[in-house]
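Keep the sequence and the 3D view open while reading.

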Amino acid sequence: MRTSTISVRNSARPALRVSTVLEGLSHALDLTEGHPRGHATRTAVIGLRLGRALHLAPGLQAELLYALLLKDAGCSANASLVCDLFGGCDHEVKRAVWTRDWRRVPEQIAHAMAYIGRGSSLVARMRQLGKFAVRGAQGSGTEIFAVRCERGARIARMVGLSGTVAEAILAMDEHWDGGGYPNKLRGLQTPVLARIIGLAQVIEIFWSEGGPDRAIDVARERRGRWFDPELVDAFVAAARDRNFWTGLSDARLDRDLLTLVPAGLEIPTDDALLDRIADAFALIIDAKSPFTFAHSARVAEYALAINDRLGDRAVDPVRLRRAALLHDIGKLTVPNTILDKPARLDPSERAVVEQHPAYTLSLLQRVPVFSAFADDAANHHEWVNGRGYHRGLSGAALSGTARILAVADVLEALTADRPYQRQPMTFEGVEAALTTGGGTQFDEDCVAACMDGVVELAVGSRQARRDSHVA
């Protein structure tokens with residue numbers, strides 16, 4: 001059986017800054033957390049302006065920028081847990097938790113009553129409230145924040161960022177008085193970058209809800225409990241200057257952030273770093289649901305295997321692999337009540353799912369370098385006869401990369417364990433499904449290449465995963 005190989009090209013791009021790539025991808029994290037797009041960018045502007053007010057060294061400001069842009073990198077890891085605990089849209093629950101002082105029992109109760117089982121029948125809501133009560137608000141909070149922070153720190157290390165950045169992300173939800181998560185750090189035990197992130201993200205949320213005065217009021221209310229008192233005082237002093245709030249409504253990386261961090265202090269980008277970022281965000285995407293674990297990595301594996309067998313029709317493997325890893329980034333916008341649903345989706349739920357390629361397109365278009373394959377990645381549900389979604393493209397409008405992804409994505413879905421598949425599909429069933437779709441749903445050459453050992457590879461991979469679980 002043939003194996004896929006990729007030769008990584010050393011094409012350094014000194015003009016491209018790491019922060020530019022991370023800022024573009026941070027919009028996907030905003031949507032996963034239920035924030036308006038640009039939340040991370042605005043938080044980064046606020047955080048760096050705080051860093052300036054504190055006279056942080058320039059190198060530390062660069063690390064602060066990375067930590068601010070990746071602060072929510074672990075956000076998808078707790079989505080399924082939040083959905084299970086609250087029984088509603090995980091995006092709404094996550095956003096709302098910041099608008100209340102959830103450490104206070106009355107606020108916990110108010111948040112629970114507003115969001116647990118939201119939209120369900122009274123009986124279903126009471127059942128969900130019972131489940132939440134059994135788990136306990138404090139225990140649930142620890143688990144939710146710990147998963148998010150620990151996964152975020154892991155993502156930062158995977159990208160290749162410093163231990164300082166990873167530690168800042170890990171500790172960003174700690175509180176000054178020791179009442180935060182995940183390790184109940186107190187006072188100066190929490191790294192200064194983490195203390196800045198914790199304050200900056202709350203400032204942004206309340207600024208967007210009620211303007212500067214509301215943000216200042218909340219910072220003062222939580223001074224000495226959530227936030228470092230000296231940091232709050234520095235913020236309040238800086239916030240008196242109207243320029244502190246300048247540009248937040250339309251915050252831009254090039255205008256509002258990069259002027260604060262000299263390019264010479266940033267990590268230079270190259271293909272190896274871009275691949276690490278793609279690998280890291282594939283983990284973020286797949287962590288959204290327990291049923292999509294390693295989906296993106298397997299789609300990339302199968303896509304490269306198909307490409308190896310296409311001969312003269314083969315495409316650039318580096319571009320193909322990155323597009324495969326990021327093709328489902330738009331699924332971060334889909335609530336877990338839909339992603340994890342064990343039954344067939346109703347028409348309204350199906351409509352939500354069918355919008356995810358549109359988000360993939362818009363999110364990747366923001367990212368330098370990755371924008372080159374945004375269309376390829378977004379077209380993985382298009383059919384060659386024009387009956388796919390979300391654009392209804394057909395024929396020559398579909399690139400070779402998109403055609404390969406369409407087959408690889410369905411192959412992975414057919415050979416994965418998913419809640420809506422009653423029984424795993426056999427080798428013969430997978431081959432029949434792909435062959436039947438040749439010429440209508442799929443490119444016939446891509447199907448033929450897939451038949452040349454790739455289906456066997458996918459089915460064998462599934463069996464190996466099952467055997468490892470049994471062992």
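A cavity here is a set of grid points where a 1.4 Å probe fits but cannot get out. The model is predicted. By that definition, the structure holds four cavities of 30 Å³ or more.

**Second largest cavity**
- About 120 Å³ of space lies in this cavity.
- Its lining counts 18 residues, and those closest to the centre are Met 172, Glu 174, Gly 198, Trp 226 and Phe 227.
- Helix H10 gives the largest share of the lining, with six residues.
- Sorted by class, the lining has nine nonpolar, five polar and four charged residues.

**Nonpolar core**
- The largest nonpolar core has 113 residues, and Phe 235, Trp 245 and Phe 370 touch the most other members.
- H10, residues 192-221, supplies the largest share of this core, 14 residues.
- Beyond residues up to four places away in sequence, Trp 245 touches Arg 49, Ile 203, Trp 207, Pro 212, Ala 215, Ile 216, Phe 235 and Ala 239.

**Whole protein**
- The secondary structure comprises 23 helices and zero strands.
- The protein has 471 residues, and 55% of them count as buried.
- Of the contacts between residues at least 6 apart in sequence, 72% join residues at least 24 apart.

Note on methods. Residues are numbered from 1 along each chain as its sequence is written. This is a predicted model: local features need pLDDT of at least 70, side-chain atom pairs count only at pLDDT 80 or more; totals for chains, interfaces and linings use all residues. Side-chain values use heavy atoms; hydrogens and water are left out. A nonpolar core is a set of buried Ala, Val, Leu, Ile, Met, Phe, Trp, Tyr and Cys residues joined through side-chain atoms within 4.5 Å. Buried means under 20% relative accessible area, exposed over 50%, partly exposed in between (1.4 Å probe, protein chains only). Helices (H or I, at least four residues) and strands (E, at least two) are DSSP runs, numbered from the N terminus. Contact means heavy atoms within 4.5 Å. On a 1 Å grid over the protein atoms alone, a cavity is a set of points where a 1.4 Å probe fits but cannot get out, and a pocket is an open set with protein on both sides within 12 Å along at least five of seven lines; lining residues have an atom within 4 Å of a point. Grid points are joined across faces, edges and corners, and a volume is the space filled by probe spheres set on the points. Ala, Val, Leu, Ile, Met, Phe, Trp, Tyr, Cys and Pro count as nonpolar, Asp, Glu, Lys and Arg as charged, and the others, Gly among them, as polar.
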